[in-house]
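Good morning, and thank you for coming.

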Amino acid sequence: MALTTLDPKTALIVVDLQKGIIGSPFAHPIGPVVANAVALIEAFRARHLPVVLVNVAGGAPGRTEQPPRHVGAFPADFTDFIPELGQQPEDMVVTKRSWGAFATTDLEKRLRALDVTQVVVIGVATGTGVEATARQAYEQGFNVTLAIDAMTDGRAEAHDYSIKNIFPRLGETAPARDIINLLASRTA
């Protein structure tokens, strides 16, 4: 489904654009992903809409067949957001210990307190952190939009599968520029 509207109280959720992850190999060049993320952040801030910066500082404790990617303590700056995001005091910061930003945090409560009814989700990785956050937002009753050019994954097949098969079932998808243009048309 193409992007049709943005609710008056829409929040931007930026997933895992942090120093400890941004240097990972990705299916798409990270530069344009970050540039699109920054453009969205600036558009939301200019309209005084909530910006949620999410970082990951651990994982769920259950057993898995694949070993954890990080064993032991994270490097000191692992959870620091990349400087390009230009973190502001008014940004909401959420630290998660699971794939999605809602499951192990108070994000839903904080967004509801601001009367947010819609979220735009961006970041890395498409098939894990972004998809899990979008699923959880949808399950909590938020309208969901996904900026497909402001995300990437370490595996092209995971990125493509999420965009083609999962995201249309959770909400609407659009390039960052379309979201920014729709925001601008609301205040014109």
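A salt bridge, as I use the term, is a side-chain nitrogen of Lys or Arg within 4 Å of a carboxyl oxygen of Asp or Glu. This is a predicted model, in which local features need pLDDT of at least 70 and side-chain atom pairs count only at pLDDT 80 or more, while totals for chains, interfaces and linings use all residues. Residues are numbered from 1 along each chain as its sequence is written, and side-chain values use heavy atoms, with hydrogens and water left out.

The structure contains six salt bridges. One of them joins Glu131 to Arg135, with the closest N and O atoms 2.8 Å apart. Both residues belong to helix H4 (residues 126-139), where they are four residues apart, about one turn of the helix. Helices (H or I, at least four residues) and strands (E, at least two) are DSSP runs, numbered from the N terminus.

Is Glu131 buried or exposed? Buried means under 20% relative accessible area, exposed over 50%, and partly exposed in between (1.4 Å probe, protein chains only). Glu131, at 10%, is buried, whereas Arg135 is partly exposed at 35%.

Let us turn to Asp16 and Lys96, whose side chains form a salt bridge at 3.0 Å, N to O. Asp16 sits in the loop between strand S1 (10-15) and helix H1 (19-22) and Lys96 in strand S3 (residues 92-96), so this pair ties together parts 80 residues apart in sequence. Asp16 and Lys96 are both buried.

Finally, Arg110 and Asp106 meet in a salt bridge at 3.7 Å, N to O. Arg110 is partly exposed, at 28%, and Asp106 is partly exposed, at 41%.
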